Amino acid sequence: MQEVLNSLVGGIRGGTLRVVDLTQPLNGDTPILELPEQWGQTIPFKSHEISRYDDRGPFWYWNTFETGEHTGTHLDAPSHWATGRDKGTVDTIPPSGLIGSAVVIDMKSECDRDHDALLSPDHLLGWESRHGQIPAGAWVLVRTGWASRFSDAAAYKNADADGNSHVPGISKDAAELLTQQRDILGVGVETVGTDAGMAGTFDPPFPNHNIMHGAGRLGLTSLVNLEQLPEAGAVVIALPLKIEGGSGSPVRAIALVAG
Ligand code: MN
């Protein structure tokens with residue numbers, strides 16, 4: 001297997017393997033989830049300068065930052081949801097459980113027409129008709145085109161006049177298929193969360209969080225550049241900070257793509 005590692009590094013350095021950054025920039029404008037006002041809220045990312053080659057520190061530049069665990073391109077650990085409370089925090093996920101094959105489901109044209117579109121079993125079975133069964137240890141990534149809205153918080157949230165957010169998501173049936181009949185690491189989306197904007201009104205509420213985390217599976221959100229991945233064959237690596245007891249963490253998510 002040493003040859004595999006040699007080929008990996010040779011491929012990256014020689015350009016026969018592409019490394020695609022799936023991560024959005026993290027700054028004070030990074031869109032964050034807003035909950036109804038009776039609930040506790042997350043805070044925006046904020047950076048505080050400590051010193052910058054000046055009288056606070058002549059040779060060095062560094063910052064302190066504050067952020068929520070669920071800010072920007074980030075990972076949801078199983079314990080993020082009540083159903084997964086005993087199924088693991090970010091620090092307990094083994095690194096091998098964060099590296100997997102990318103199954104890319106392209107729903108962009110559908111989401112252009114219908115902002116409330118949901119990933120369904122038909123989308124998954126359609127992918128399987130072209131590429132075979134979703135492999136064990138896959139990251140199932142849903143391409144909605146929502147990443148292009150990331151720098152415009154209003155467009156990303158896409159709220160109507162009543163404040164209801166119209167953002168695509170994952171159906172209960174798709175989450176059940178992926179957790180009960182396939183063996184995936186988790187799902188990844190371009191949107192602010194792994195459930196639809198209106199998912200609080202679904203039965204059960206937030207079905208993907210409920211089912212995915214209840215099954216000990218993971219979520220990745222606010223991904224970008226999914227259009228640079230093939231439908232099958234890429235490898236995704238998404239590593240959270242090892243926050244003890246953390247329910248989630250910003251990640252630097254990358255994909256390795258042949259050719
Ligand atoms: Mn989250």
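Predicted model: local features only at pLDDT ≥ 70, side-chain atom pairs only at ≥ 80, totals over all residues.
Reader: Where does Arg-52 lie, and which residues is Arg-52 in contact with, leaving aside neighbours within four places in sequence?

Author: Arg-52 belongs to strand β2, residues 46-54. With those neighbours set aside, the contacts are Gly-57, Trp-60 and Tyr-61.

Reader: Why is Arg-52 classed as partly exposed?

Author: Buried means under 20% relative accessible area and exposed over 50%, with partly exposed in between. Arg-52 has 39%, so Arg-52 is partly exposed.

Reader: How should I read a nonpolar core, and which residues have the most contacts inside the largest one?

Author: The general idea is that in soluble globular proteins nonpolar side chains tend to be buried together. Here the largest nonpolar core has 24 residues, and Leu-22, Leu-75, Trp-139, Leu-141 and Leu-229 have the most contacts inside it. Strands β5, β7, β10, β11 and β12 each supply at least two of its residues; the largest share, four residues, comes from β12. A second, separate core of 22 residues includes Ile-105, Ala-117, Leu-119 and Val-142.

Reader: What does Leu-22 touch, not counting residues up to four places away in sequence?

Author: Its partners include Thr-73, Leu-229, Val-236 and Ile-254.

Reader: Which residues of helix α5 are buried, and what do they pack against?

Author: In α5, residues 172-181, the buried residues are Ala-174, Ala-175, Leu-177, Leu-178 and Thr-179. The buried residues of α5 pack against strands β6, β7, β8 and β9 and helices α3 and α6.

Key. Residues numbered from 1 in each chain as written. Heavy atoms only, no water. Buried < 20%, exposed > 50% of the residue type's maximum accessible area, 1.4 Å probe, protein only. Contact = heavy atoms within 4.5 Å. Core = buried A, V, L, I, M, F, W, Y, C linked by side-chain atoms within 4.5 Å.
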